[in-house]
Amino acid sequence: MELVSLVRLEGVAKHVLLPDDTRLDILRGIHLEIGAGDHVAIVGRSGSGKSTLLNLMGMLDAPSEGSVAFRGEPVRRMRKARLDRLRGRNVGFVFQQFNLLAGRTALENVMMPLGYARGREFWTRRTAATRMLERVGLGHRIESTPEQLSGGEQQRVAIARALVRRPALILADEPTGALDVETGSSVMALLDEIASEADAALVTITHDLNVAARARRHYRLDAGVLTAFALDLPANAAAADASGLAANVDDGTDAATAVAAAGAVETHPGTDLAADVDADDVEAVPDAVSEADPAPDPIGAPS
């Protein structure tokens, strides 16, 4: 069955200017189409541009060149308010660091995106959030704060928050990176299951080949260039290890430092650039990266 196109990237490139006026190319000539019900994994070492690519797919950032279209309509032509509504309604983000609001209960965290909804969706937000927490196996922890939850439980709360509005596109950025292997496997199984039930597209950004193996299509991002490849575990594991895909190794530290000096690097809430120089820090990440940020909140924007 032919997939209905959700997001299409054509000739997409992303670059930033360094203090000496030289250009750092983060992404080059990306062509990618994601359809409803699709499951795509994008693998690559730190600094390869993975998170920048995710932000472009999620309409959090605009390309330097090329075009991004959502359901056939170019994103560049949309007014900001409309783009915020479109993103809030259709895109769910799951980040490695959870990005939950400290001091707020699991229920309050999951309700957050629905606080910007309208009509019945707004008035039934508590019921919807409760049901989603029950769906991820946390119905008994709805009154617990993030500080009272384990890492796996926090990630499940983050998944519930991302999916509470039943998005058509789920973008997961290293969703198991902060978890042990067993917990990470159960989290990915949960994401797969919920995405399949909703016929939502799931895009997983990862450096872990075991996580990538769950997807139906696989892409490698290397030096900003995206190429499709066939993932055949464990046969390809050794080759992937040799190329740095299975290891979180960053050989672009100098570039990262230069971009940070230029003020071009912004991190997800809760991260420390100085302490996380090994992360995808050569990538220009826009201000609004988490649906948990109440104002402004493009991820949870009203529909």
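Strand E3 is mostly covered, with five of its five residues buried. Buried means under 20% relative accessible area, exposed means over 50%, and partly exposed lies in between, with a 1.4 Å probe and protein chains only. Strands here are DSSP runs (E, at least two residues), helices are runs of H or I with at least four residues, and both are numbered from the N terminus. This is a predicted model, in which local features need pLDDT of at least 70 and side-chain atom pairs count only at pLDDT 80 or more, while totals for chains, interfaces and linings use all residues. Residues are numbered from 1 along each chain as its sequence is written, and side-chain values use heavy atoms, with hydrogens and water left out.

Back to E3. In a regular strand the side chains alternate between the two faces of the sheet. His 39, Ala 41 and Val 43 lie on one side of E3, Val 40 and Ile 42 on the other, and both faces are covered.

Which strands does E3 pair with in the parallel sense? One is E9, residues 217-222, joined to E3 by four bridges. The other is E8, residues 201-206, with five bridges. Two strands pair if DSSP finds at least two bridges between them. Among the residue pairs, Ala 41 stands opposite Thr 204 in E8, Ile 42 has Tyr 219 of E9 as its bridge partner, and Val 43 stands opposite Arg 220 in E9.

E9 also pairs with E10, residues 225-228, this time antiparallel and over four bridges. Leu 221 has Leu 226 in E10 as its bridge partner. The hairpin has two residues between the strands, and Ala 223 takes a positive phi near 55 degrees there.

Next, another sheet. Four strands form an open antiparallel sheet in the order E2-E1-E4-E5. E2 (23-35) and E5 (73-74) stand at the edges with a single partner strand each, so one side of each has no neighbour in the sheet. E4, residues 65-70, meets E5 over two bridges, and Phe 70 is the bridge partner of Glu 73 in E5.

The buried residues of H2 (residues 80-90) include Leu 83, Leu 86 and Arg 87. Their cover includes E4, E6 (91-95) and E7 (169-173).

Now a loop residue. Thr 145 sits between helix H5 (125-135) and helix H6 (151-163). Is Thr 145 buried or exposed? Thr 145 is buried, at a relative accessible area of 15%. Leaving aside residues up to four places away in sequence, Thr 145 touches Gly 103, Arg 104 and Thr 105.

There are two cavities of 30 Å³ or more. On a 1 Å grid over the protein atoms alone, a cavity is a set of points where a 1.4 Å probe fits but cannot get out, and lining residues have an atom within 4 Å of a point. Grid points are joined across faces, edges and corners, and a volume is the space filled by probe spheres set on the points. The second largest cavity has a volume of about 50 Å³. Its lining includes Leu 163, Arg 166 and Ile 194, and helix H7 (residues 181-198) gives the largest share, three residues.

Finally, the whole chain. The chain has ten helices and ten strands, and buried residues make up 53% of its 303 residues.

Conventions: On a 1 Å grid over the protein atoms alone, a cavity is a set of points where a 1.4 Å probe fits but cannot get out, and a pocket is an open set with protein on both sides within 12 Å along at least five of seven lines; lining residues have an atom within 4 Å of a point. Contact means heavy atoms within 4.5 Å.
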